[in-house]
Amino acid sequence: MPDLTINCPKCEWAPEPSDRWTCECGFSWNTFETKGKCPNCENQWETTSCPACGNDSPHESWYVDPSIAPPPLSAHDQMLTKRKRLIEAQLIHYGIRNSRISYLPYLDFDESQFQSPYEVGCRILVLWAVAYTASFSEEKPEVKNWLMAVGLWEKVSHAEKLLFQKKQPKRVLIHLTWRLQAMLVLCWCVDLVTELPSLDADVDSIDFESIIDQLPVFDDLGDFLENLHYRAKEEIFIENIINEIATGYFRDNFLGKKTDDSTINDGVSFERHQALNWVRKFGGISEWDETLTST
Ligand SMILES: [Zn+2]
Ligand SMILES: [Zn+2]
């Protein structure tokens, strides 16, 4: 008898020895150690539910004989499969349990399409200026003068320029302060921030001060823009896809009036999704205002 591998037939999730199932009698154990039989009350379970996707499958169908498994994947598909597992594991961790990537080429991306680190640096400073001006309207002229003096005014998008031209309603101003989240993920892309806070982190706990301290705000840009470099682009791509799937999940919940089972802060995820689509010019779009977040 060959060693069998164990996978959920619906989503391919693989249990760890530490995973537990609970019987009707209240006993908890790893059901794969006893082929579905409760060691306490001896009830034989015919179906086993998957903690990852929540679906029930016949217990027997979880066992796969690797010797009759499909032919091995190419090295490229193996790399994409690894990427898929990483993304799905994170989504499951955040409580999005039913989103599976079934089309592997979806996880291919073109590194050469990314904005230059120079452009990312400009965008970071513009996003800071927008969020700052939204909070401190009285400093609007100083911020605009600074943007013009350092040559960043032309990097301010058409929609963003409206903030500097006329008085905005309070709800718009509050909305614009969220641009700090977009700024943060861009800082992470170019390694100004080492660790990106998780999508379920308390937003009030983020130390924006120490991030902004590294930026030449109200100052000469010096060689700030020239010295920026990307972190591994695969990490950026993975973060983009996680937020893309999360955006789709929130939209489906909204349209279907379903409850949100995830722990993700949807405001943070939306900002990251937009910023990262812009970074990799998703859909061939390089203008900030036109960056799409529909999938
Ligand atoms: Zn039992
Ligand atoms: Zn499953």
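Residues are numbered from 1 along each chain as its sequence is written. In this predicted model, local features need pLDDT of at least 70, and side-chain atom pairs count only at pLDDT 80 or more.

**Zinc site.** The zinc ion (ligand 1) has four protein donors: C23 (SG), C25 (SG), C38 (SG) and C41 (SG), lying 2.3 Å from it. Donors are N, O and S atoms within 2.8 Å of the metal (3.2 Å for Na, K and Ca). Along the chain they are spaced C-x1-C-x12-C-x2-C.

Buried means under 20% relative accessible area, exposed over 50%, partly exposed in between (1.4 Å probe, protein chains only).

| Residue | Relative accessible area | Class |
|---|---|---|
| C23 | 5% | buried |
| C25 | 36% | partly exposed |
| K84 | 10% | buried |

**Lysine 84.** K84 lies in helix α1 (residues 75-93). Helices are DSSP runs (H or I, at least four residues), numbered from the N terminus. Beyond four places in sequence, K84 touches E12, I101, L104 and L107, with contact meaning heavy atoms within 4.5 Å.

**Helices α2 and α6.** Helix α2 (residues 117-135) is largely enclosed by the rest of the structure, because 15 of its 19 residues are buried. In helix α6 (residues 179-189), 10 of the 11 residues are buried. The cover over those buried residues includes α2, α5 (170-177), α7 (208-212), α8 (233-255) and α9 (266-279). D191 follows α6 and has a positive phi, near 65 degrees.

Key: Chains lettered and ligands numbered in written order. Heavy atoms only, no water. Helix = DSSP H or I, 4+ residues; strand = E, 2+ residues; numbered from the N terminus.
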